[in-house]
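This report describes how parts of the structure shown below meet one another.

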Amino acid sequence: MTTLAPGKALRVAFGEAITELAATNDKIVVLDGDTGSSTRTDIFEKAYPDRFFQMGITEMNMLGMASGMASVGLIPIVSTFSCFIVSRAHDSIRVLIAQPKANVKMMGGYAGLLAGMTGKTHLMFDDVSIMRAMANMTVVAPADEVETRKALAAVIEYDGPVYFRLTRPNTPILFDAGYEFELGKVVTVKEGSDVTVFSTGTQTIRAYEALDELAADGIDVHLVHVPTIKPLDVGAIVAAAEKTGLVVTTEEHTIVGGLGGAIAEALAENSPRPMKRHGLQDVFGESGPNDELLDKYGISTEHVAATVKEFVRAKG
Amino acid sequence: MTQAAKTYTPEDMAEFARQARVRILEAVKHAGGGHVGGPYSAADMLAALYFGVMNIRPEDPDWPDRDRFVLSKGHSAIALYTMLALRGYFPVEELLTFDGINSRLQGHPDMTATPGVDMSSGSLGLGFAAALGIALGARAEGRDFTTYVMLGDGECNEGVVWEGAHVAARYGLDNIIAIVDHNKLQQFGWTGASVEERITPYTENQLADRWRAFGWHVIEVDGHDIPAFLDAMEEAGGVEGKPVAVIAHTIKGKGVSYMEGNYTWHSKVPTDEEFAVAMAELGETAGGAA
């Protein structure tokens with residue numbers, strides 16, 4: 001297995017990055033839903049206490065207030081757990097942020113399967129599907145700390161609503177310091193000729209780590225990371241699919257309507273190819289240690305490798 | 001006080017409210033749908049706000065230092081549009097496009113569509129949250145305008161209202177004035193002694209007590225008494241360190257006898273005969289205000 005250097009959790013990179021960005025952008029304010037010590041907006045509060053607003057446990061209100069703050073020219077960065085932003089405050093986002101294109105940046109912390117010992121309420125892995133379905137919304141899921149920093153800078157620069165997926169555990173570093181993030185563009189992580197694998201968020205780390213095992217089995221993977229799930233880089237995705245003729249998507253997210261859904265839609269209309277969606281299987285989560293969750297729910301590095309192998313053998 | 005306050009008398013405002021009620025019913029009849037009861041309970045207060053209270057520039061609707069108004073009871077949109085038209089934000093004739101395809105006057109307020117609409121609303125409770133954000137943002141940006149937000153009493157059923165009420169009090173937001181149009185009825189509402197009867201969502205003092213309990217300064221006023229309402233706004237503007245809730249006691253459907261206190265006029269299109277009676281009671285000839 002290819003081993004990457006250890007890195008920080010995306011949430012830590014987020015807390016540090018917004019603090020850095022605020023040094024040169026006095027419109028940035030942070031709204032915290034009483035989770036700052038977990039989602040790491042505490043880093044920002046220490047540096048900019050006057051630009052940090054504790055909203056308490058009032059998610060619908062918090063997202064609504066963010067819209068009002070954006071309407072007077074501020075750039076509100078709203079942070080709490082993904083489940084409370086996407087599910088609980090959905091109506092506020094739809095009515096006050098998405099439709100009016102309010103310049104609000106929604107930081108969905110603890111997204112995915114690995115949200116500590118929390119279980120079904122907190123494990124949010126239909127967030128991308130839900131937010132992707134909302135008109136005017138941009139959806140971003142970075143892979144590592146480097147991309148988190150670069151993507152946040154781009155997202156602050158962009159004028160409009162953004163849902164930004166953040167995860168809890170420490171995450172290996174995939175990208176080097178010179179990496180350039182472009183909103184709405186995919187990143188070819190590795191060129192290959194046998195099968196195209198599309199991945200997003202921190203699942204790209206697992207897809208990358210599966211490459212060696214697949215190579216040992218004679219499978220040359222073309223790995224494409226999709227950090228912006230909406231708007232989708234359709235042209236590049238079609239080209240990457242056509243390059244090998246076989247497509248696997250993998251994500252730490254339900255296969256219903258997430259990255260796999262988005263790519264299936266794009267390919268079905270433009271260039272249909274045999275395709276396998278790998279990810280969470282239309283289920284709710286449960287409490288447990290990360291390694292055991294990844295294993296039980298079938299999205300570990302080993303599962304990525306096995307899924308790609310089986311698909312290539314069946315279709316190749 | 002503002003330039004507008006010097007220009008218009010309470011009698012002028014009452015006349016604009018009367019004209020608004022005429023235009024509202026014309027627009028709803030023309031559209032073949034829309035709300036009437038709530039717009040009528042709010043009309044006098046809206047006339048006072050737009051012609052006597054708020055510091056605004058209709059010729060420059062996006063002026064950054066303008067006072068803001070958020071109609072959180074967004075289903076009364078036609079009342080807001082009518083007042084904006086009478087105040088000069090867009091032609092009065094445009095009111096007849098209300099609820100029509102491609103109209104700037106959507107069924108619920110859309111800040112991206114209508115000049116003078118400071119915030120979208122329509123899902124109850126959310127306009128209030130946005131208004132609080134405007135007020136907190138104004139403070140963060142060092143701007144000293146006032147944000148006015150109007151809620152319905154039924155809207156106060158929504159939990160998000162009380163989330164926001166709590167946060168506003170925590171921040172001591174004294175640059176926001178919430179006006180609760182306490183017209184005692186909702187769309188369908190709470191069953192009274194029989195299924196034919198609908199009763200108030202909040203009994204006497206209950207609404208005022210709740211806002212007070214959440215740390216707001218509460219003023220109660222007759223929402224149809226324009227001089228009294230202007231006094232309430234002046235008092236509200238002078239409160240420091242606390243957000244202010246003005247509980248405005250009103251009558252749903254105010255101004256037309258058969259609509260007053262009748263919940264079925266929450267949203268209803270008048271027949272030709274009903275329309276004629278309403279126009280007569282509002283002091284218009286049978287043809288309306290054309």
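How many residues of domain 1 of chain A are in contact with domain 2 of chain A?

## Basis of the description

This is a predicted model, in which local features need pLDDT of at least 70, side-chain atom pairs count only at pLDDT 80 or more, and totals for chains, interfaces and linings use all residues. Residues are numbered from 1 along each chain as its sequence is written, while chains are lettered from A and ligands numbered from 1 in the order in which they are written.

## Domains of chain A

Chain A comprises domain 1 (10-165) and domain 2 (187-315), with bounds from an automatic or database domain assignment. The centres of the two domains, taken over C-alpha atoms, are 26 Å apart.

In answer to the opening question, 24 residues of domain 1 of chain A are in contact with 30 residues of domain 2 of chain A (C-beta atoms, placed from the backbone, within 7 Å). On the side of domain 1 that touches domain 2, helix 7 (127-132), strand 5 (138-140) and helix 8 (145-157) of chain A each supply at least two residues. Helices (H or I, at least four residues) and strands (E, at least two) are DSSP runs, numbered from the N terminus.

Helix 6 (residues 90-98) of chain A packs with helix 5 (residues 126-141) of chain B at an angle of about 70 degrees, the axes being 10 Å apart. Axes are lines fitted to C-alpha atoms, for helices over the stretch in contact, and angles run from 0 to 180 degrees between N-to-C directions. The two helices are therefore roughly perpendicular to each other (65 to 115 degrees).

Helix 6 of chain A contributes A:Asp91, A:Ser92, A:Val95 and A:Leu96 to this contact, and helix 5 of chain B contributes B:Leu126, B:Ala129 and B:Ala130.

Technical notes
Two residues are in contact if their C-beta atoms, placed from the backbone, lie within 7 Å. Angles under 35 degrees count as roughly parallel, over 145 as roughly antiparallel, 65 to 115 as roughly perpendicular and the rest as oblique.
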